[in-house]
Amino acid sequence: MKSLKALLAKPFAKRIQKKVLKWANNPIKTQEKVFKKLIKQATKTQFGKDHDFENIHSHADFVKRVPIRDYEGLKPYVDKVVAGEADILWKGKPVYFAKTSGTTSGSKYIPITKESMPTHVEAARNAILLYIAETGNTDFVNGKMIFLQGSPILKEENGVKLGRLSGIVAHYVPGYLQKNRMPSWETNCIDDWETKVEAIVDETLPEKMAIISGIPSWVQMYFERIQERTGKKVGDVFPDFKLFIFGGVNYEPYRNKFENLIGRKVDSIELYPASEGFFAFQDQQNDKGMLLQLKSGIFYEFIKADTFFDENPTRITLKDVELGVNYVMIISTNAGLWGYNIGDTVEFTSLKPYKVIVSGRIKHFISAFGEHVIGKEVEHALNDALQDSGASINEFTVAPQIDPAVGLPYHEWFIEFEKEPENMEVFSKTIDASLQAQNSYYLDLIKGKILQPLQVTKIQKDGFQNYMKSIGKLGGQNKIPRLSNDRKIAETLTNYEKA
């Protein structure tokens, strides 16, 4: 017999689905309203005055007055906010800073305001509710749920609390989920990731786990510990486990490994959250595209990725995007980020409604020889090889080898295999052929004998985890870049090469 909570979940999910469809089916009007409201609310801020918000009445006006900036470009304003000044990027002061590790500026402080915070929580909730509305599955609502996340301990800087986004969000779990939620507060506060995972295993093994959520690479570590402890598949240890929720990286390279660890297929929902905003979530099980969140205090602009580094690239809004084009996504938000480049590239898979997949990072590509290979291409190529070979992997990254001891330069693939392919040469050739089919520049470089076909370097078991540990980035929201245009990561990874 179904519980009251399970019975109530379906009508509530249908009501929320109706609300979501209302704005999803009126996308341009929804975005225009968001744009006007953002400008109006920030006109009297320091940023609004500096950029003449009073005279912004259209997207064209905005483009003239507000240049594209990344964190470095916005940092002079953020520094004032961090110093405790009010009305700088957004009215008043933020309620939180999500602290993330920056590539060039040390720590980044991303403001979260009282207007933006609810949108993070609402989108995460709606992702689950739309799953219920689509599938009718409510069995999991009475089971235990785990969200592998950063510590919820927050510090304070000039009256504003700061911590990792996942730790901040932990303070907003709805009351009706608190009893079901794991791990305990004490375990969540453990800093050392390996110690934390062992404590999570201790706590969850006796429980009826129904939802498991986190970045795939770190959930994998949790699953492996469970299998080591019990000698059983995760799906046998947790027969009620029905739903896997993930974000942060493409799941496909991990899928074979996960299905092997679990021992059966489970439904999954992909999310696209970031400290800067919750941008999209998967709303249909048979569609990998994620529904772009258009009514969440975020105004979106897009720049074609292959023109992004031009002197004056064209900035377009939602109404002008096309399917299958690689775009850099630019956001302006009710947290006070304006014309902000978060560094991600996306591709639209549907225009009715607007759905995206994350195709990579504008800074994470290989173009050491002019090939401009992106994350989506390497992931697709690897999937082709995995399907053909029956192999499975734990982790991988790719870097250029510009100056090999012998022969032509090449792309070096560092792969930690769970199960190696029977024929490594065929495996490598399949990846290379797929890359050539996807990327004409790469094809020309191979044909023109500028590059030789890629080479695979096998990494020892737990090599990637040990690498992340060595640089102080094990666990939490940290993830290995799929691609690098230099050999900084590659040089260190050679220490973990399989003999």
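Predicted model: local features only at pLDDT ≥ 70, side-chain atom pairs only at ≥ 80, totals over all residues.
Helices (H or I, at least four residues) and strands (E, at least two) are runs assigned by DSSP, and they are numbered from the N terminus.

**View 1. A cis peptide bond between Met182 and Pro183.** Start with the link that joins Met182 to Pro183: the peptide bond here is cis, with omega at about 0°. Where does Pro183 sit? Look in the loop between β6 (181-182) and α9 (185-188).

**View 2. A cis peptide bond between Lys352 and Pro353.** Here's a cis bond joining Lys352 and Pro353, and its omega is about -5°. Pro353 belongs to the loop between β14 (340-351) and β15 (354-361).

**View 3. Asp87 and its positive phi.** Asp87 isn't a glycine, yet its phi is positive, at about 55°. You'll find Asp87 in the loop that runs between α5 (71-82) and β1 (96-101). Is Asp87 buried, exposed or partly exposed? Its relative accessibility is 38%, so Asp87 counts as partly exposed.

**View 4. Asn158 and its positive phi.** Now move to Asn158, a residue other than glycine whose phi is positive, near 50°. Asn158 lies in the loop between β4 (155-157) and β5 (160-163). Why is Asn158 called partly exposed? The partly exposed class falls between the buried cut-off, under 20% relative accessible area, and the exposed one, over 50%. Asn158 has a relative accessible area of 46%, so it goes into the partly exposed class.

How values were computed: Residues numbered from 1 in each chain as written. Heavy atoms only, no water. Buried < 20%, exposed > 50% of the residue type's maximum accessible area, 1.4 Å probe, protein only.
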